[in-house]
Amino acid sequence: MTPSSSGLEQSEIDAIQESEQTSISDSLLKYHDICIDEGVIEQDVDMSYFSANNVGEWIVELIYQNNIKKLIMGATADSHYPEDMVHITSTNAEYVIRHAPHCCKIWLVCNGDLIQTREGRFELAGSSYSYSESSSSVHSLDSALIPYGGAGRAECVTEPHPLSSSEERSASGVETMYYEAQRQRLEIEELKREKEQRDKMRCEREEALTSSFGVTQKLYSEEVIRRREAEAELNRSKAEIEDMKRVQKEHEEQHYTDCRLLELIQKERDEAIKTCEELLIHLNLDKAMSSSHSPSSPLQWSLSDEPPQCFLCPISKEIMHNPHVAADGHTYEAEEFKRWLRHGGEKSPMTNLRLENDNLTPNLVLRSAIRDWLQRHPYFYDSS
């Protein structure tokens, strides 16, 4: 509304618009209170006010944009409402009835009375989409918004006026746009569902991979522990084998030493037996000679006073007083053999072989035999 078209002053136009806005706000608050009283959540009640040249077109566009399924609008201004009104007189309401999508159910009211109802439906080729309102919900909504005014006023359902060809093309175009928008919405929803399914499958795969990786890591850790234990056991076994080898070597060395000592003892035993046999022979010879000849003869003393060869030291060629067995198995005077070693003797005086050691073992049997022989020959040193 402008001053030139209406013939009014701008202040008058502003006052009229302000009065209309106040009336509209009061009506919106009234409907807001009705919704709250009927149990609608207050956050779901939205009140909006717009100013446009063609209100009908704007309402249809708003229905499409917000996918509105239920709409209540005025059939005419309350001041123009007759008592027996059964047809809509508002061009905006008629435009909305003709061009709104079929899925939107519309109640046309005036002064609290229901004038006309257009049922909502939605059917698309290849799919079956339908919308219907139960009788109980329609009755509760109608009773909440439309106070019953008497028997002469009832809910009337009328068919809209026939459409012209241009209006039919416009309505067909709008419906085609709506169907296309619905198809795109369904495709978008299907893509969203597919994306959610793919995301879910990807998360499951990732969880499975994580789980399998955890199992693999656990098995690897267990295998590493087993290998370390096996290596430690192998090292212990190797150490035990080395110890056994060392002990075996020590036993072998001890066995060799024992064998050598046994050989020396056997050799000493053989020499002792031989010495005893020679002593027995000399004793028997002395007895025989003493019984057949006089002991005062110098010749007889010279023949009987000769000591056995085994009584003499191989080094000094004199009778031994402290006979000892050396490493070569022969018996020497202990002092003479030590003197031999002090003067650089490293080989055996008898075999001329290198001595294994410098150890000397007392020959007790031979020493006892020498002492016994010297007691029987007290004049041996005087004759010599």
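Is Cys259 buried, partly exposed or exposed? In this predicted model, Cys259 is partly exposed, with a relative accessible area of 29%. Cys35 likewise counts as partly exposed, at 29% relative accessibility. A search of the whole structure for disulfides finds 0.

The protein chain contains 10 helices and 6 strands. It has 384 residues, of which 23% count as buried. Where contacts join residues at least 6 apart in sequence, 58% of them are between residues at least 24 apart.

Helix packing was examined for helix H3, which spans residues 55-66, and H4. Two packed helices are described by the angle between their axes and the distance between the axes. For H3 and H4 the angle is about 35°, and the axes lie 8 Å apart. The crossing in which H3 passes H4 is right-handed. On the H3 side, the residues that meet H4 are Val55, Gly56, Glu57, Ile59, Val60, Ile63 and Tyr64. Their partners in H4 are Asn92, Tyr95, Val96 and His99.

Ala100 is located in the loop between helix H4 (91-99) and E2. This residue counts as buried, its relative accessibility being 3%. Leaving aside residues up to four places away in sequence, Ala100 touches Val60, Ile63, Tyr64, Tyr95, Ile106 and Arg118. Among these contacts of Ala100, Val60, Ile63 and Tyr64 belong to the H3 side of the helix pair, and Tyr95 belongs to the H4 side. The C-alpha atom of Ala100 is separated by 9.6 Å from that of Tyr178, a residue 78 positions apart from Ala100 along the chain.

Another loop residue, Asp46, lies between helix H2 (10-37) and H3. Asp46 is exposed, with a relative accessible area of 66%. Between Asp46 and His32, which are 14 residues apart along the chain, the C-alpha separation is 8.3 Å.

Aromatic pairs were considered next. A pair of aromatic rings is described by the distance of the centres and the angle of the planes. The structure holds 2 aromatic pairs. One of them is formed by Phe311 and Trp373, with 6.2 Å from centre to centre and 75° between the planes. The arrangement of Phe311 and Trp373 is edge-to-face, because the angle of 75° is over the 60 degrees that this class requires. The pair links distant parts of the chain, its members being 62 residues apart. Phe311 is in the loop between helix H7 (298-304) and strand E4 (323-325), whereas Trp373 is in helix H9, residues 364-376. Both partners are buried: the relative accessible area of Phe311 is 0%, and Trp373 has a relative accessibility of 3%.

Charged side chains were also searched. Side chains of opposite charge can pair when their charged atoms come close. Over the whole structure, 17 salt bridges are found. In one of these, Lys105 is paired with Glu119, and the closest N and O atoms are 3.5 Å apart. Lys105 counts as buried at 1% relative accessibility, while Glu119 is partly exposed, with a relative accessible area of 45%.

A salt bridge also joins the side chains of Glu335 and Arg342, with an N to O distance of 3.5 Å. Glu335 is partly exposed at a relative accessible area of 40%, and Arg342 is exposed at 54%. In the salt bridge between Arg354 and Glu346, the closest N and O atoms are 3.1 Å apart. Arg354 counts as exposed, with 61% relative accessibility, and Glu346 counts as partly exposed, with 48%.

Key: Residues numbered from 1 in each chain as written. Predicted model: local features only at pLDDT ≥ 70, side-chain atom pairs only at ≥ 80, totals over all residues. Heavy atoms only, no water. Phe/Tyr/Trp six-rings, centres within 6.5 Å; stacked < 30°, edge-to-face > 60°. Helix = DSSP H or I, 4+ residues; strand = E, 2+ residues; numbered from the N terminus. Buried < 20%, exposed > 50% of the residue type's maximum accessible area, 1.4 Å probe, protein only. Salt bridge = Lys/Arg side-chain N within 4 Å of Asp/Glu carboxyl O. Contact = heavy atoms within 4.5 Å. Disulfide = S-S within 2.5 Å. Axes fitted to C-alpha atoms, helices over the stretch in contact; angles between N-to-C directions. Left-handed = near helix turned anticlockwise from the far one by under 90°.
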